[in-house]
Amino acid sequence: MTSQAHINVDTRRVKVAIVGGGFGGLCMTIKLREAGIDDFVLLEKADDVGGTWYHNSYPGAACDVQSHMYSFSFEGNPDWSHRYSGQQEIHDYIERVTDKHDIRRFTRFNAEVTGAHFDEQSARWTLNLKDGSRVECQHWVLASGPLHVPSIPNFKGLDAFKGKVIHSAKWDHDYDMAGKKVVSIGTGASAIQYVPHVAKEAGHLTVVQRTPPWIIPRDERAYSGLSKWVFRRFPALRKLHRLRLYLSNEARVLPIFNPRLAKLAEPALKAFIHSQVKDKQTARKLVPQYTLGCKRILISNNYYPTFNRDNVSLVTEGVKEIREHSIVFSDGREEPVDCLVLGTGFIVDPRIYMKDFEITGLAGHRLQDDWKDASEAYLGTTVSGYPNMFQLVGPNTGLGHNSIIFMIESQVRYILDAIGKLDKRGDAWLDVKQDVMDRYNDKLQEELKDTVWQNGGCMSWYQQADGRNTALWPHATFQFMARTWRLNEKDYVWQPARVTVGEKATA
Ligand code: N01
């Protein structure tokens, strides 16, 4: 659905601006309204809400967290069709929630932020937009997520390739793959979902694998009409079902700190691969060499059987170069290509959470500089030197074991507490203390050293080149909820509303 912008393009002044209309931005806007704050604008770069679930529409796109967990706790959906839902059903859910809470009238679509600057005198942020307009606000919330700029590897000759190139995050649904020679590069979460579908369509599909992922079977069960009726009629039972899913997911935090537990499951998963793939040599190539859980554990029932098809082959040699109509592998073999599909993930440099626009805070603070080595925040939400700026799904809030929506709801509660406390104090801004943020991150990095992500013998987008993990939260999600339940005023510097010469911020 395409939506219209209702808001004039000049300078708009609001109390809160939210950047990004995915799950995070929507949660923030809904909860702001519930808190009685209507003076906000939601800025969305695209022409519809949904974020990840709007852009990633490749065939087979689905969530690998159970639907009853991968939805808002306050907007339960008794009608989820399956344990794990597809992209369209998730996007439909997001649209329904958006309409129910009347969020579109607060939203400016096609509104791309190109810069954000804090003015100490007025204690206001100015957000510059691509169309030349501006939004001035007291607070702003970055809810645009870390994984959204497609990573296109720098393959030699790619520019001169004359065939079709498609990245998983920008699927071209008009391109007909029937009868085409397709080469797909990458075997991450996105690729293993589209590969079975592309295989059915293409004349021939070559899957280029650098590192095989661990894949566990997927629970494909549909919810029966009776289950849906029960969930609708007795919401408490739906909540109980959600709680059961939550707890079973939380149990998966245990192997993060004890890779030996993860290793116990590996023989069964190796047997699963060999039971699914007929050709023994291919099956062997699909077995990962690192510890289960080091990279994201994927779920699929149709990925492995794809390699039994006559029109599918697996290549484990690296890509040497791309020519006008072919690909050359590191063993010198050349293969003709009509279409190159890149399941190569997203740009995640040391500044994984950095946006591709300039952000300046208090004097001397430019986020591009402050985060040049690593993205760091306090509780993944606030950054010292950037008053009244908040982030959803910021540094070290990603998960390997449960639903990110749980983390988003915790962060939104924390942000509302911050805004509420600031209003109550009558202050102009709050800024997390540098030493509080540093101590928090030092401890987190110490704790991360013992995890399977650092010791499991793999490299993933979770880690920077120097091994530092600024992506994931290494504990139970209820521990994050507890940490963010209330904002501790002592963690922040509070700036009085009217600054007179010589007056200092209060701690
Ligand atoms: O990207 P990835 P993704 N030559 O970075 C390979 C979320 N997600 O889009 O492993 C050859 O995981 C790379 O190889 P290697 C989820 O958080 C969630 O699949 O680095 N290969 C890897 O195989 C996920 O973690 C869902 O050796 C190259 C692949 O490309 C995140 O998105 C669904 C290469 C990239 O895998 C990213 O997933 C989908 C090169 N030069 C995604 N460069 C849910 O269900 C890269 N690769 C919720």
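These legends accompany an overview and several close-up views of a predicted model of one protein chain.

Figure 1. Buried residues account for 55% of the 507. Of the contacts with a separation of 6 or more, 71% are made by residues 24 or more positions apart.

**Figure 2. Surface and charge.** The accessible surface of the protein chain comes to about 22100 Å², and carbon and sulfur atoms contribute 51% of that area. Look here, too, for the charged side chains: 64 are positive and 60 are negative. The centres of these two sets lie 5 Å apart.

**Figure 3. Two domains of the chain.** Domain 1 is put together from four stretches of sequence, namely 3–49, 103–149, 348–434 and 486–496. Domain 2 takes in residues 158–213 and 252–342. Taken over C-alpha atoms, the centres of the two domains are separated by 37 Å.

**Figure 4. Strand S6 at His-139.** His-139 sits in strand S6, which covers residues 134–142. Is this side of the story buried or exposed for His-139? With a relative accessible area of 0%, His-139 is buried. Beyond its neighbours within four places in sequence, His-139 contacts Lys-15, Val-16 and Ala-17, and also Asn-388, Phe-390, Ile-419 and Leu-422.

**Figure 5. Strand S6 again, now at Val-135.** Val-135 also lies in strand S6. Its relative accessibility is 1%, so Val-135 counts as buried, the cut-off being under 20%. Although Val-135 and Thr-11 are 124 residues apart along the chain, their C-alpha atoms are separated by 5.5 Å. Leaving out residues up to four places away in sequence, Val-135 touches Arg-12, Val-14, Ala-17, Val-41, Leu-43 and Arg-108, together with Trp-125, Thr-126, Leu-127 and Leu-129.

**Figure 6. Strand S8 at Ile-185.** Ile-185 belongs to strand S8, residues 181–185. At 6% relative accessibility, Ile-185 counts as buried. Which residues surround Ile-185, leaving aside neighbours within four places in sequence? The contacts include Phe-155, Tyr-194, Val-208, Val-319 and Ile-327, and they continue with Leu-340, Val-341, Leu-342, Gly-343 and Thr-344. By contrast, Leu-243 is 58 residues from Ile-185 along the chain, and 38 Å separate the C-alpha atoms of the two.

**Figure 7. A positive phi at Ala-123.** Ala-123 is not a glycine, yet its phi is positive, at about 55°. Ala-123 lies in the loop between strand S4 (113–119) and strand S5 (124–129). Despite its place in a loop, Ala-123 is buried, with a relative accessible area of 6%.

**Figure 8. A positive phi at Val-393.** Val-393 is another residue other than glycine with a positive phi, near 55°. Look for Val-393 in the loop between strand S18 (389–391) and helix H11 (404–425). Its relative accessibility of 16% is under the 20% cut-off, so Val-393 counts as buried.

Key
Residues numbered from 1 in each chain as written. Predicted model: local features only at pLDDT ≥ 70, side-chain atom pairs only at ≥ 80, totals over all residues. Heavy atoms only, no water. Buried < 20%, exposed > 50% of the residue type's maximum accessible area, 1.4 Å probe, protein only. Contact = heavy atoms within 4.5 Å. Areas by Shrake-Rupley, 256 points an atom, 1.4 Å probe, with all protein chains shown as cover. Lys, Arg positive; Asp, Glu negative; His and termini not counted. Charge placed at Lys NZ, Arg CZ, Asp CG, Glu CD. Domains from an automatic or database assignment. Helix = DSSP H or I, 4+ residues; strand = E, 2+ residues; numbered from the N terminus.
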